[in-house]
Amino acid sequence: MTTTLILHHYPASPFSEKIRLMLGFKGLAWKSVIVPSLMPKPEVQSLTGGYRKTPFLQIGADIYCDTALISTLLEHAQDEPPLYPPPLKGLARIFAQWADTTLFWTAMAYNLQPRGAAVLFANAPPGAAQAFAHDRGAMSAGMARLRPQDATVAYRSYLRRLGHMVREHDFLFGAEPCVADFAAYHPLWFTRACVPAMAGIFDATPAITEWMDRIAAIGHGYPEKLSGEDAITVAAAAEPLPLLGEAFQDEHGIALGTQVKVAAESFGTEPTQGELIAATRTRYTLRRQDERVGTVHVHFPRVGYVLKGC
Ligand SMILES: N[C@@H](CCC(=O)N[C@@H](CS)C(=O)NCC(=O)O)C(=O)O
């Protein structure tokens with residue numbers, strides 16, 4: 001049974017930075033597969049069955065989608081130091097969800113306004129900016145997006161509020177980081193690392209940049225390169241891990257064994273289709289076959305995802 005952690009990600013992906021730092025926090029060794037940032041993604045979709053977002057984590061023939069689920073998986077893989085310290089569990093999880101949604105989209109609307117986009121694509125080949133805009137436009141069809149002016153005002157307010165928290169102690173909720181810190185950090189990291197011309201917004205809150213330095217110092221653990229093809233070979237050679245036997249929680253009137261589709265509620269709603277083999281309190285698991293990867297189990301968190309019969 002393999003337990004090697006394989007992270008599929010790309011350098012400029014904020015949600016990937018969240019997980020890379022969590023791997024560093026836990027001091028873990030992992031395999032690093034760089035995936036494309038735009039469609040098409042044939043190797044990604046061979047493994048996930050449709051889900052295209054970044055990052056996802058592979059352990060043999062098990063695929064874990066979404067950083068909320070990956071974070072809980074890392075906590076199970078290694079409980080110390082904790083991402084979810086017991087007294088903060090509810091608070092930190094809810095805070096992380098706010099950071100991964102409201103804070104993330106506010107920061108990105110600020111980051112990718114024309115001045116930021118110009119920096120991001122300054123050294124990219126011709127057509128790259130248009131291809132990115134087209135890809136992300138299709139992913140966010142139907143979503144309400146903030147205008148840069150409104151995003152700037154909100155981002156400043158959020159930075160001030162976060163700044164108050166990290167003036168009191170080194171990390172958001174105390175002397176040690178927890179899941180909330182990693183979730184709040186990654187959209188700000190994109191501002192600082194990927195569109196530095198936009199980083200003047202931090203000038204008013206030096207406590208934030210000091211906190212960011214503390215998080216960055218955690219590092220990424222022990223990555224080792226792996227090709228996408230080799231990741232597929234790993235999946236093809238492995239059997240999915242046994243399910244944990246957690247109770248079936250049926251909210252949809254869909255029995256285990258049914259062919260279903262699971263998709264994100266919004267942004268990147270490409271569904272994964274397969275046989276529903278688990279629907280626990282917190283996650284769905286689909287079994288699917290692929291000619292390249294054989295049988296894989298693809299896992300999703302329930303929060304933020306939509307389950308439908310085929
Ligand atoms: N809720 C997801 C969000 C992931 C997400 O939106 N990732 C961005 C990159 S940071 C993405 O998928 N962009 C499009 C892509 O990489 O194909 C999670 O927590 O993993």
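How many salt bridges does the count come to by this rule? The count comes to 12 salt bridges, a salt bridge being a side-chain nitrogen of Lys or Arg within 4 Å of a carboxyl oxygen of Asp or Glu. This is a predicted model, in which local features need pLDDT of at least 70, side-chain atom pairs count only at pLDDT 80 or more, and totals for chains, interfaces and linings use all residues. Residues are numbered from 1 along each chain as its sequence is written, and side-chain values use heavy atoms, with hydrogens and water left out.

**View 1. Salt bridge between K31 and E224.** The closest N and O atoms of K31 and E224 are 2.9 Å apart. K31 lies in strand β2 (residues 29–34) and E224 in strand β5 (residues 222–225), so the pair ties together parts that are 193 residues apart in sequence. Helices (H or I, at least four residues) and strands (E, at least two) are DSSP runs, numbered from the N terminus. K31 is partly exposed at 23% relative accessibility, and E224 is partly exposed at 49%. Buried means under 20% relative accessible area, exposed over 50%, and partly exposed in between (1.4 Å probe, protein chains only).

**View 2. Salt bridge between D135 and R52.** Here the closest N and O atoms are 2.8 Å apart. D135 belongs to helix α6 (residues 128–139), while R52 sits in the loop between α2 (42–48) and β3 (56–59), 83 residues apart. Both D135 and R52 are buried.

**View 3. Network of R52, D135 and R136.** Salt bridges link these three residues. R136 is buried, as is D135.
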